[in-house]
Amino acid sequence: MNRNIKIINKLQKIISEKPNEYQAVSDLFEMVRIIEQDDPKLARSINKDLRNLIPQQVRNAKNDLNTREKFYFLNKRCLLFDAKVDFDAYMQYIEYDREPEKRFYLPRRKQIFPIVQALQDLEDDKLDLLTISMPPGVGKTTLGIFFLTWVMGKYPESCNLASAHSSMLTNSFYDGVLSIITDPEYLWADVFPGIRIVGTNSKEGTIDLEKRKRFKTLTCRSIDGSLTGATRCEKYLYADDLVSGIEEAMSKDRLDKLWEKYTNDLKSRKKLDCKEIHIATRWSVHDVIGRLERQYEGDPRARFLSFPALDENDESNFDYMYGVGFDTKYFWDMRDSLDDVSWRCLFMNEPIEREGLLYHEDDLRRYFELPQSEPDAIIAVCDTKDKGKDYAFLPVAYVYGEDYYIEDCICDNGTPETVDARLVDILLRHKVQMCRFESNSAGGRVAEKIQKEVKAKGGITHITTKYTTQNKETKIIVNSPWVKEHCLFKHPSCYQKSSDYGRMMNLLCMWTMAGKNKHDDVPDGMAMLAEYAQSLDGAKVEVFKRPF
């Protein structure tokens, strides 16, 4: 073994200096195969480095067709070497002979690799439960089907269960799995040589590998189908889109029944050490994934992945190669076409309980332009950023009699340094006269800093602080009638949904009284504004010219 390591080190040194030296790269791969039995971990590690190196050499050798071809087929051998234990390698290998534009994985690999890695962690026993929330049509079900074929090849004598809301969807699982295993266009048989299909039943949705068993290698059955005596789950319980649609999602009673079906008919089929995967387009905080999130919150063996249609820059997360995904313009059009709640649930993976919403878009007062006259006052409040993904929120209100026009805002969860600079800027830009900061946690320190910087730049804002002991949820609810009656928000045509104002409206209108809220900064800030405005009721705000 020591001699082999010396050879490997020598080859690695040559390759570090001349990565395009095909013979050295090829010899290193042969050494990987030689040491696999004695040190599989080292062999896999070196081969992974080769898998990163060789595709680059394929691209670099575009003018040397002979070298290019040799690297191309060496890459295929490296992928096959890892395909049985590495899901990413498997996904690349089994489609290796397909035309590039017909492949599923490589055109999408850049975007969906985090999901592939999470599935790998599940198989490597780092996780017991994985949920994946993604918009419709981005390939989540197809990825799940590929994963099932990998698992079946690795454990042909173990049983697995795949379920969904309808038999039409589970039939597609069956057809997809069978196609990948049997179609020579896919190289499944190379990865799992000698593994035989011994039985298929399209009516029952079953596929059996290696030898006939009472519980088949894969059973595809809808959640409403009969599972009594049909199967058990030894390796994986795979659930894909258990919620049938918007009608079921809007009914708490139907979602309660769905949860009972899941626990009684699906989860009860799991045997000891069986893993669980849920893939879905989210609809409601009360769907199965939402309840699992609450049940396993903080559990390191459970992971909950969510991939929204648009990123923080309002750009598509699923603009795949060869036009097989969805570009930014497509998602913008969908956003403009759907009601806000449906957009947030289906495409942004922000499920909410519609019936428990405190603020509805249609119930809010709107305006296009400020009144022509001078405002009675310009005031603001600030709920400072605390930690993690919390938002710093500062709405600016132009006061006209009993109406408060929310003309601008900061709604930012960036770094404190960036946010603080923006807070100073908005107070100066709007010539805000009075602003109250909540002094909980770091609020008092931030208020003092902002006051000094505003004064140093000639601003007129007078900042005060107030410590709040009131229950936050109660404060939000009891002040909501005042907000609805007295506050006017810009018409949706007057702001970008990706702007601070758009984020403010989004977070305000997704706060629910019926479930857990990830972010309450905006409704809490509006409650602060309500209390501050009412404390000033009857007081006249007058700005004097500075005497010095």
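So, F146 is buried, with a relative accessible area of 2%; buried means under 20% relative accessible area, exposed over 50% and partly exposed in between, using a 1.4 Å probe and protein chains only. Quick note before I go on: this is a predicted model, where local features need pLDDT of at least 70, side-chain atom pairs count only at pLDDT 80 or more, and totals for chains, interfaces and linings use all residues. Residues are numbered from 1 along each chain as its sequence is written, and side-chain values use heavy atoms, with hydrogens and water left out.

Okay, aromatic rings. Searching the whole structure turns up 26 aromatic pairs. Rings of Phe, Tyr and Trp (its six-membered ring) pair if their centres lie within 6.5 Å; planes under 30 degrees apart are stacked, over 60 edge-to-face, and the rest tilted.

How are F104 and F146 arranged? Their ring centres are 5.6 Å apart and their planes sit at 20 degrees, so they're stacked. F104 is in the loop between α5 (87-94) and α6 (109-123), while F146 is in helix α7 (residues 140-154), so this pair ties together parts 42 residues apart in sequence. (Helices are DSSP runs of H or I, at least four residues; strands are runs of E, at least two; both are numbered from the N terminus.) F104 counts as buried too, at 8% relative accessibility.

Next, Y367 and Y405: they're edge-to-face, 4.9 Å centre to centre, with 80 degrees between the planes. Both Y367 and Y405 are buried.

And there's a cluster! F87, Y90, F147, W150, W188, F192 and Y236 form one aromatic cluster.
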